[in-house]
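Student: I am new to this structure and would like to go through its local features in turn. Could we begin once the sequence and the model are on view?

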Amino acid sequence: MKHSILCRGKYLLRRVGVYVILPAGLLLFSTLSYGQIVVRGFVIDERTKEAIIGATVSQTSTANGVATDTNGAFQLNIQGDLPTTLLVRSIGYRSQDVLVHDASEAIRILLNEDINLLDEVVVTGYVQQKRGVITASVFDVKSDEISDIQTASFDQKLEGKIPGVVVSSNSGTPGTSVALRIRGTTSINAGNSPLYVVDGVFVNSGAIQQIGNGGQVVNSLADLNPNDIEKIEVLKDANATSIYGSRGANGVILITTKRGTYNSKTNISFGARLGFSKVRKLWNMADGPEYATLTNEVYLNDGGDPANLPYPNPENEPSYIDQKLNDIFRTGLQQNYFVNFSGGDAKTTFYLGLDYNEQVGTNKPDDLKRYSVRINLDHKVSNKLKIGTSASLSRVDRKIALTGNNTAAPVPSAIYPPANVPARYEDGNYVVWGIHDSYLAMINDLDNRSSSNRLIGSLYGEYSIIDNLVFRTNWNIDYNTVDEDIYYPSVTANAVSVNGRATSAHTKRQTLINEQTLRYNTTLNNSHSLSFLIGNTIQKNNTSSRSISATGFPSDDFKEISSSALQTGTGSSSENGLISFFGRAAYDYDNKYIADLNVRTDGSSKFGTNNKWGTFPSVGLAWNLTEEEWFKAKWVNQLKLRTSYGITGNQNGIGNYTSYGLWSGGANYNDKSGLRSSQLANPGLKWETTSQFNIGIDSRFLNNRLDIEINYYDKYTRDLLVSSPIPAISGFSSITKNDGEISNRGIEFAVNSTQVENKNFTWTTSFNIAHNKNKIEKLENTIDEYSWIRMEQGQSMFSFYTYKQLYVDPQTGNAVIDDYNHDGQINADDRQYVGNALPTVNGGLSNTFKYKNFDLDLFLTYSVGNDVLYMFQYMLQHGGTRPAWGYTKEQLKRWQNPGDITDVPRLTTSGLNYALRTDRFMEDGSFLKVRSVTLGYNVPKKLLSRFNVTALRLFATSTNLFIFTNYSGTDPEINVAGNSENTLGIDFATAPTPRSFLFGVNLTL
């Protein structure tokens, strides 16, 4: 019999003559009553951190069990002694066995939703909905699916995970930009990156650097710590994105970070990762004797005297190319440490995350270090009022190697000169050859650094006016400063004549947002669910930049601008504003018939008076056939048809004052300041808009073991914002106007299956594939990019346009070029479309195996039909036309004698053999990549309980382990011009993505 006496707000408990005084609210925590063992605790939803009401907690092998109360709390009298195992169950959640050794403290049990039983809750435009009743195309990725993949930014982790989302790294440099496109490319000048929203804060994803790095730009999303992320949701169709209006044309990516749990003790998680990386493949260069042999052959083919060969004994020429490659590449190192604290009481929850990440790149001297802290707080002031904050502060320090098509970049400076040219002269001084600088100087003496400081934060208040009517206000900020410093020492070609050259730049970007929403939800007669939302947003963005350049330093020991003899400076600032009003209405009848309507109106300061405002509506419908009484197929667990149509806008990528006529200072004359007209006005400039139709099927079969989703979409973009040429008589070369239309049509397919699931072994598979057809439907003027890519009406974006080589004449060795217009001569009019950088299909395949405490995950990504311009081969298969350059080994396949069959023409500096840019350097970039392989081991909880440890996981991961491709270059995914929205698929001396190996541990207390 249990005895308790209520006395002055406290409970007095007695067991065998011992009295323990506890607060009144902790009566359920009592474990002592005449020898009876009582286990107490809470059952909590792992994702939402909310209490689970009515969960069953039972002692295995007995009929002994209880249900959790309205706080998720339970108290179970144990039959027998400890240790014992509890079985915890709740409808819609995965059952869990919990081994209990100690009943002295309350335990916290986290249950994961069983998505095969319960419609997962997803966020779609300011509201949360169950997946079973959404009408939009939404795909989510949970943190545990990507946590073992080590990258500098979270967007790289999404490669191959989501159908219709193409992710490719532009280079192997840590923290460099990533090309991410959702359902194709919709714009030429207004930007194609999606909107990123972190805990409700609209985050700037574009780089703000001022100092160029050879076509590559830093990835500002690397400022965010991936270890803080709980879940990523991708909104793909217009019904999901239109409520974001002008921000949603390219899709929306919602990031939810981790938060604390009500009524729980402090939970501590620690993680450590250590690893290394190496480049998978390097360029196959001709060595010294081969270079000399080819040079002699060019000389002879051009009519040179055999008695005066440039290299009489080519076989004796030295070769330094292998040493050069060893000099510029190294074994990269990775280390990451993080610790998270989370918990809460009945009124307040908290999450504190600390992280340090370092990636030493394989391309010297690349290095990235990130320090970050995140604080998330939620507090219930009363039953009606809730307040909270989410804030992250980060600093990213980079040491940057110039890359790509840059004469000062280490890679081209090392491998473009002939293989018989050393790195140093005999006296130890650097060799500068041709137009390229010394690669050793670029590695050892060039100082190129940047530091980014960033605050992303929000404050919110939420008040329940009456039942189901909630008002919420948010105050958000994204504040980012970047400091860049570069110093070219006097030993470099860029600074030798001026005794050192330096630039120092400071850029600040700030976004302030205030947002209000009012939402109402109700259910009538247990069948009719209604929800309404209205809101408004006020946003202001401002950017300012300052830079100063200097020359003439006393020595290379003095690198500060103040030490220089000559200094010049520049600065600018600009701002724009956006005011928005939006609303949403949704109706659901008995989970069968669903309809929702969204609309948003945006007013932007970027456009003229008559076109400042744009309205972007959408509508969605869905029908759950399996909810119908007449639907009898028991093997079908869910079959939902849905369709949507909507319009979104785009204003990104254009200047803040593009529609205005501008005057600028600096037009000085005779030491007098002056003004000049710098931009023509276009008051008719208006929004770029994208309409999208989507139809989809969501289905589950065979007792929820097979999950299939299919989508078809049709996107059409009108009134493209483009820079269009105008007559020179106007005094200007171009003006931004609305001209052009682009379509993207495609189909997406995703399947998740469970092949085996029993006590000891589980095997699950996820597969997705997507096809997108892009077409420029209308464009007044053609646009050329990087001399190889042309955008023209009737073609796709990223189409390669150049001469076509038909074959090499076996008798003469001359290249035969296609006379495309059949006029009997070869000139610029014979250029034609020879390929496209966009894939025909792409996707990913993941297989996960779990055996007892071991797990193995194998993740593959693939791309089919994309072409790559191997421009590195174009530059180094020059046939002698670039005498100061080396050769690749491909040049050894050249035609030499009548009857030779090859596609490499006869070596000569005359004629068309090497004078034209031909499609000979176009290659199929299709690939199958082993993106990651992870082997993990979860230490048994029975063992951990002895040390008061909740969980311990050990794992090893390999990233980019293998790639199967016919492409002869280093990596078919890299792109030399990561700073260009309109350039894709050009491989030009860019550092390849490395193969990495990582070992890690996750510990939870």
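The questions and answers that follow concern a predicted model.

Student: How many aromatic pairs does the count come to, and what is the class of the pair Tyr291 and Tyr887?

Tutor: The count comes to 30 aromatic pairs. For Tyr291 and Tyr887, the ring centres are 5.8 Å apart and the planes stand at 40°. Planes under 30 degrees apart would count as stacked and those over 60 as edge-to-face.

Student: How many residues apart are Tyr291 and Tyr887?

Tutor: Tyr291 belongs to helix H3 (residues 288-301), while Tyr887 lies in the loop between helix H7 (871-876) and strand S51 (922-924). Both Tyr291 and Tyr887 are buried. The pair links distant parts of the chain, and the separation is 596 residues.

Student: What is the class of the aromatic pair formed by Trp635 and Phe701?

Tutor: Trp635 and Phe701 are 5.7 Å apart from centre to centre, with 25° between their planes. An angle under 30 degrees is the requirement for one class. The pair of Trp635 and Phe701 is therefore stacked.

Student: Over the ring of which residue does the charged end of Arg882 sit?

Tutor: Two such arrangements can be described. The charged end of Lys161 sits over the ring of Phe859, 4.0 Å from its centre. For Arg882, the charged end is 5.0 Å from the centre of the ring concerned, and that ring belongs to Tyr874.

Student: Which strands give two or more residues to the lining of the second largest cavity?

Tutor: The second largest cavity has about 140 Å³ of space. Its lining has 16 residues, with Thr173, Pro174, Thr176, Val218 and Ile400 closest to the centre. The elements that give two or more residues to this lining are strand S24 (367-380) and strand S25 (385-399).

Student: Where is Pro365, which a cis peptide bond joins to Lys364?

Tutor: The bond between Lys364 and Pro365 is cis, as omega is about 0°. The place of Pro365 is the loop between S23 and S24.

Student: Is Arg183, with its positive phi, buried or exposed?

Tutor: Arg183 has a phi of about 55°, although it is not a glycine. The residue is found in the loop between strand S16 (178-182) and strand S17 (195-198). Its relative accessibility is 1%, so Arg183 counts as buried.

Student: Is Asn526 buried or exposed?

Tutor: Asn526 also has a positive phi, near 60°, and is found in the loop between strand S28 (501-524) and strand S29 (528-551). With a relative accessible area of 73%, Asn526 is exposed.

Notes
Residues are numbered from 1 along each chain as its sequence is written. This is a predicted model: local features need pLDDT of at least 70, side-chain atom pairs count only at pLDDT 80 or more; totals for chains, interfaces and linings use all residues. Side-chain values use heavy atoms; hydrogens and water are left out. Rings of Phe, Tyr and Trp (its six-membered ring) pair if their centres lie within 6.5 Å; planes under 30 degrees apart count as stacked, over 60 as edge-to-face and the rest as tilted. Helices (H or I, at least four residues) and strands (E, at least two) are DSSP runs, numbered from the N terminus. Buried means under 20% relative accessible area, exposed over 50%, partly exposed in between (1.4 Å probe, protein chains only). A charge sits over a ring if NZ of Lys or CZ of Arg is within 6 Å of the ring centre and within 35 degrees of the ring normal. On a 1 Å grid over the protein atoms alone, a cavity is a set of points where a 1.4 Å probe fits but cannot get out, and a pocket is an open set with protein on both sides within 12 Å along at least five of seven lines; lining residues have an atom within 4 Å of a point. Grid points are joined across faces, edges and corners, and a volume is the space filled by probe spheres set on the points.
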